[in-house]
Amino acid sequence: MTDKDPLISAWFGVDFGDGVVGAFRECTGLGSENEVVESKASGPDGKYIIKKIPGRMKWNNITLKRGITDAMDMWKWRKMVEEGDIQGARRNGTITMFNTKGEPVARWKFINAWPSKLTGPDANATNNEVAIETLEIVHEGYERVQ
């Protein structure tokens with residue numbers, strides 16, 4: 001087995017289908033976890049031991065951050081949820097990690113995602129920083145496909 005260099009990410013492309021797309025500078029939360037269930041069992045010597053077994057699994061929320069633009073796609077998508085159209089807001093999609101050459105180096109597919117939170121930029125006219133908007137999505141599962 002040969003050692004491989006870790007992948008370097010420059011940006012993330014996200015495609016939620018139906019016109020909700022974007023390039024993001026930060027993507028966090030790709031992961032899952034299991035609750036831990038403790039069970040009391042009798043050991044070989046008759047003493048009780050605590051066994052830890054995997055319980056219910058849950059998917060982490062995915063948080064995406066990008067510089068704000070005039071694109072309204074995420075705001076329109078979030079508005080669907082605000083107006084109660086959860087079923088209409090659900091999207092399958094992909095997150096693609098690109099390297100500094102713009103080449104795709106990793107990809108994840110997720111299902112039934114909808115925006116649970118959308119935050120606009122902090123207003124501060126005294127600094128020279130890019131204004132950032134943050135999108136948090138919930139979903140019902142994902143897999144790494146590349």
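**Aromatic and charged contacts**

Reply: F16 and F110 are both buried. The model is a predicted one.

Me: How many aromatic pairs are there, and how far apart are the ring centres of F16 and W77?

Reply: The count of aromatic pairs is four. F16 and W77 form one of them, with 45° between the planes, and the pair is tilted. Their ring centres are separated by 4.6 Å.

Me: How many residues apart in sequence are F16 and W77?

Reply: F16 sits in the loop between β1 (11-15) and β2 (21-24), while W77 belongs to helix α1. The pair therefore ties together parts of the chain whose separation in sequence is 61 residues.

Me: Is W77 buried or exposed?

Reply: The relative accessible area of W77 is 1%. Buried means under 20%, so W77 counts as buried.

Me: What kind of aromatic pair do F16 and F110 form?

Reply: The ring centres of F16 and F110 are 5.6 Å apart. Their planes meet at 55°. Planes under 30 degrees apart count as stacked and those over 60 as edge-to-face, so this pair of F16 and F110 is tilted.

Me: Where in the chain does F110 lie, and which residues form one aromatic cluster?

Reply: F110 is in strand β8 (residues 104-119), 94 residues apart from F16 in the loop between β1 and β2. The pair of F16 and F110 thus links distant parts of the chain. One aromatic cluster is made up of F16, W77 and F110.

Me: Which residue lies over the face of Y48?

Reply: The distance from the ring centre of Y48 is 4.9 Å. The residue over that face is K40.

Me: What is the N to O distance between K52 and E38?

Reply: K52 in strand β5 and E38 in strand β4 are 14 residues apart, and the pair links distant parts of the chain. K52 and E38 are both exposed. Their side chains meet in a salt bridge with an N to O distance of 3.7 Å.

Me: What separates E82 and R78 along helix α1?

Reply: E82 forms a salt bridge with R78, with the closest N and O atoms 3.9 Å apart. R78 counts as buried at 17% relative accessibility. Because E82 and R78 are four residues apart in helix α1, their separation is about one helical turn.

Me: Which residues are linked with D73 in a network of salt bridges?

Reply: D73 is found in helix α1 (residues 73-82) and is buried, with a relative accessible area of 14%. The side chain of D73 makes a polar contact of 3.2 Å with the side chain of R66. In the network of salt bridges, D73 is linked with R66 and E133.

Note on methods:
Residues are numbered from 1 along each chain as its sequence is written. This is a predicted model: local features need pLDDT of at least 70, side-chain atom pairs count only at pLDDT 80 or more; totals for chains, interfaces and linings use all residues. Side-chain values use heavy atoms; hydrogens and water are left out. Helices (H or I, at least four residues) and strands (E, at least two) are DSSP runs, numbered from the N terminus. Buried means under 20% relative accessible area, exposed over 50%, partly exposed in between (1.4 Å probe, protein chains only). A polar contact is a pair of N or O atoms within 3.5 Å; within protein, one must be able to donate a hydrogen and the other to accept it, and residues adjacent in sequence count only if both atoms are side-chain atoms. Rings of Phe, Tyr and Trp (its six-membered ring) pair if their centres lie within 6.5 Å; planes under 30 degrees apart count as stacked, over 60 as edge-to-face and the rest as tilted. A charge sits over a ring if NZ of Lys or CZ of Arg is within 6 Å of the ring centre and within 35 degrees of the ring normal. A salt bridge is a side-chain nitrogen of Lys or Arg within 4 Å of a carboxyl oxygen of Asp or Glu.
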